[in-house]
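Welcome! Take a moment to look over the sequence and the 3D picture, and then let us walk through them together.

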Amino acid sequence: MTDINAYAATEAGGSLAPFSYDPGLIGADEVEIKITACGVCHSDVSMINNDWRGSRYPLVPGHEVVGEIAAVGSGVTHLKVGQMVGVGWTSHSCQHCSPCLSGRQQRCQTGTSTIAGRGGFADRIRVQHIWAVPLPDGIDVKSAGPLFCGGITVFAPFLDFDLKPTDRIGIIGIGGLGHLAVQFANAWGCEVTAFTSSMDKEDELKALGAHRIVNSRDDAAIKAERGYFDYILTTVNVSLNWPLYMRALRPEGKLITVGIIPEPMGIPANALVGGARMVAGSDTGPPDMVAKMLEFCVRHDIKPMIETFPMSECNAAIERLESGKARYRIVLEN
Ligand SMILES: [Zn+2]
Ligand SMILES: [Zn+2]
């Protein structure tokens with residue numbers, strides 16, 4: 001096997017530099033993918049910066065991969081060389097723990113995340129076959145990468161927390177994840193309210209499928225939403241006035257966070273007990289759910305809105321992401 005050419009950070013917070021490694025023999029249950037494109041996610045930056053501890057260097061970021069199967073291990077029978085696939089947050093799982101056996105492989109107790117191994121800012125990548133999900137016909141390959149992390153992260157709670165088409169949903173934070181959540185929720189049939197701090201995006205948000213727009217930093221405007229929502233999905237990783245958002249829920253309403261907010265959320269018990277409201281978190285989704293999401297995207301013409309950079313300009317792409325100005329997801333192309 002020839003070396004894989006990648007971009008890696010060699011220390012916490014370091015910029016990315018060319019880095020080659022020998023992937024060794026391909027595992028019987030692995031596939032090798034020739035990478036076409038890879039999205040850039042906030043979690044890549046968190047891992048580069050070692051924000052969650054446990055990052056190992058050299059660290060090759062990238063977990064929104066699309067590409068073509070270049071080789072398959074001896075035990076792989078359902079994927080063929082030349083087939084187009086995508087890979088998200090997870091690259092390997094044990095297949096025998098309770099989450100794996102019950103179809104929640106993303107919660108495998110001994111699973112490997114793609115960037116804890118070697119990620120997608122590279123020309124090729126190796127993953128366990130179940131994590132290489134085939135791209136359906138009709139999907140836009142160039143923009144599909146961000147569906148594999150950003151997309152599934154906001155799609156999974158719709159299924160896991162039983163969102164109904166008759167529900168009113170509020171989506172907080174309209175960036176890489178939120179702009180996909182708005183499209184999903186509209187196609188699901190819900191009434192969609194976008195909570196955003198950039199009110200200048202109004203026309204764009206309506207075009208994506210938002211029926212209503214509320215300023216997420218305007219406490220009076222949020223107060224006026226009292227008892228309105230069945231479901232609020234928050235994608236931000238900063239602290240907001242969470243007790244106020246809890247009051248915007250109907251009885252039995254749910255506040256779901258997919259953003260890792262560094263401070264405690266400070267929700268008083270009476271906001272939960274009265275009306276049996278709920279707060280929960282959600283991670284990503286199993287491969288089967290990813291495949292269903294991709295079909296849903298093709299059926300409803302849902303696409304990430306992307307800005308592209310060549311793979312070699314990954315540092316500039318990360319700078320752009322950190323500026324908060326990208327609309328809405330950045331994709332690196334080989
Ligand atoms: Zn497992
Ligand atoms: Zn991600």
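What follows is a short tour of the metal sites and the cysteines in this predicted model.

Let us start with the zinc ion (ligand 1). Cys94, Cys97, Cys100 and Cys108 coordinate this ion through their SG atoms, at 2.3 to 2.4 Å. The angles among the four donor atoms run from 104 to 117°, and the site is tetrahedral. If you follow the chain, you will find these donors in the spacing C-x2-C-x2-C-x7-C.

Cysteine 41 and cysteine 149 link distant parts of the chain, 108 residues apart. Cysteine 41 sits in the loop between strand S3 (30-40) and helix H1 (42-48), while cysteine 149 belongs to the loop between helix H3 (141-144) and helix H4 (150-160).

How accessible are some of these cysteines? The table lists a few, including one that we meet again below.

| Residue | Relative accessibility | Class |
|---|---|---|
| Cysteine 38 | 0% | buried |
| Cysteine 41 | 5% | buried |
| Cysteine 149 | 6% | buried |
| Cysteine 94 | 19% | buried |

Cysteine 94 counts as buried because its 19% falls under the 20% cut-off. Cysteine 100 is buried too.

How many disulfides are there? The count comes to zero. Take cysteine 38: the closest cysteine sulfur, in cysteine 41, is 9.7 Å from its own sulfur, so the two are too far apart for a bond.

Notes
Residues numbered from 1 in each chain as written. Chains lettered and ligands numbered in written order. Predicted model: local features only at pLDDT ≥ 70, side-chain atom pairs only at ≥ 80, totals over all residues. Heavy atoms only, no water. Donors = N, O, S within 2.8 Å, 3.2 Å for Na, K, Ca; no water. Tetrahedral: all angles 85-135°; square planar, octahedral: opposite > 155°, others 65-115°. Buried < 20%, exposed > 50% of the residue type's maximum accessible area, 1.4 Å probe, protein only. Disulfide = S-S within 2.5 Å. Helix = DSSP H or I, 4+ residues; strand = E, 2+ residues; numbered from the N terminus.
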